[in-house]
Amino acid sequence: MTEQNLWRPTRRRLTDTLLAALAPVAACSLALGGLTAWTGAGKAGGPARITVSNGRVLLPYGDSTDTAALFDIANVGGADDRLVNVTSTAAHGRITLSGHRMLGGRAAYKADVTSATISAGGELSMSPRGVDVTLRAGAGWRAGDLVPFTLHFAHSAPVETLAVVIRPGDSGP
């Protein structure tokens, strides 16, 4: 072997190799540092954590059997979620999510909605003037009765809860 065929590192070759390796390492370090700061500041979020409270069902008025169920839904997690369905073994017929819209003046109308968003760290308090659950009351429901419901969410596990039957205008339990 001759000495001309041997590869010898030169200062320039070593500098170029080091710079080529340093660029991806620096980019990864910068990204990791940014993600660490974002997570440490609580901005990385986490899954939605849903709690349901204050369930109440309005006692139907007059000869009608249609009524509304209302719930307070809180999301103490770090990601938004959506209420997509409500079921009950005690209600008769179809159960829907409804929203009420004002037409102007004092007139309003009810419209079915496909879901209701519960923002991360937020709360949805259902009311007869906003989002509610429309259902047909069971025969013989009386004020004070408890009605079982299961609330189904887009990302969270279903939540089983009870709602107390109240007269319209009462604040509930």
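T150 touches N85, V86, T87, P158, V159 and E160, leaving out residues up to four places away in sequence. Contact here means heavy atoms within 4.5 Å. T150 lies in strand β9, residues 146-153. At 18% relative accessibility, T150 counts as buried. Buried means under 20% relative accessible area, exposed means over 50%, and partly exposed lies in between (1.4 Å probe, protein chains only).

This is a predicted model, in which local features need pLDDT of at least 70, side-chain atom pairs count only at pLDDT 80 or more, and totals for chains, interfaces and linings use all residues. Residues are numbered from 1 along each chain as its sequence is written, and side-chain values use heavy atoms, with hydrogens and water left out.

**The whole protein**

How many helices and strands does the protein have? The secondary structure comes to one helix and 10 strands. Helices (H or I, at least four residues) and strands (E, at least two) are DSSP runs, numbered from the N terminus. From the N terminus on, the order is α-β-β-β-β-β-β-β-β-β-β.

The protein has 173 residues, and 29% of them count as buried. Take the contacts between residues at least 6 apart in sequence: 65% of them join residues at least 24 apart.

The mean pLDDT is 86, and 87% of the residues reach 70 or more. The pLDDT value is the predictor's confidence in each residue, from 0 to 100. Where is confidence lowest, and where is it highest? Confidence is lowest in β5, at a mean of 78, and highest in β9, at 97.

**The helix**

R13 lies in helix α1, which covers residues 11-40. R13 is partly exposed, at 41% relative accessibility. Its contacts are W7 and R8, leaving aside neighbours within four places in sequence.

**Salt bridges**

The structure holds three salt bridges. A salt bridge is a side-chain nitrogen of Lys or Arg within 4 Å of a carboxyl oxygen of Asp or Glu.

| Pair | N to O distance |
|---|---|
| D72 and R56 | 4.0 Å |
| D66 and R136 | 3.5 Å |
| R94 and D112 | 3.7 Å |

Start with D72 and R56, whose closest N and O atoms are 4.0 Å apart. D72 lies in strand β2 (residues 66-75) and R56 in strand β1 (residues 50-58), so this pair ties together parts 16 residues apart in sequence. Are D72 and R56 buried or exposed? Both D72 and R56 are buried.

D66 and R136 meet through their side chains, at 3.5 Å from N to O. This pair links distant parts of the chain: D66 is in strand β2 and R136 in strand β8 (residues 131-136), 70 residues apart. D66 is partly exposed, with a relative accessible area of 44%. R136 is partly exposed too, at 40% relative accessibility.

The side chains of R94 and D112 also meet, at 3.7 Å from N to O. R94 lies in strand β4 (residues 92-104) and D112 in strand β5 (residues 107-113), so the pair ties together parts 18 residues apart in sequence. R94 is exposed, with a relative accessible area of 64%. D112 is partly exposed, at 43%.

**An aromatic pair**

The count comes to one aromatic pair. The rings of F71 and F149 have their centres 5.3 Å apart and their planes at 80°, so the pair is edge-to-face. What is the rule? Rings of Phe, Tyr and Trp (its six-membered ring) pair if their centres lie within 6.5 Å; planes under 30 degrees apart count as stacked, over 60 as edge-to-face and the rest as tilted. F71 is in strand β2 and F149 in strand β9, so the pair links distant parts of the chain, 78 residues apart. F71 is buried, at 0% relative accessibility. F149 is buried as well, at 2%.

Most residues other than glycine have a negative phi. N54 is not a glycine, yet has a positive phi of about 55°. N54 sits in strand β1. At 32% relative accessibility, N54 counts as partly exposed.
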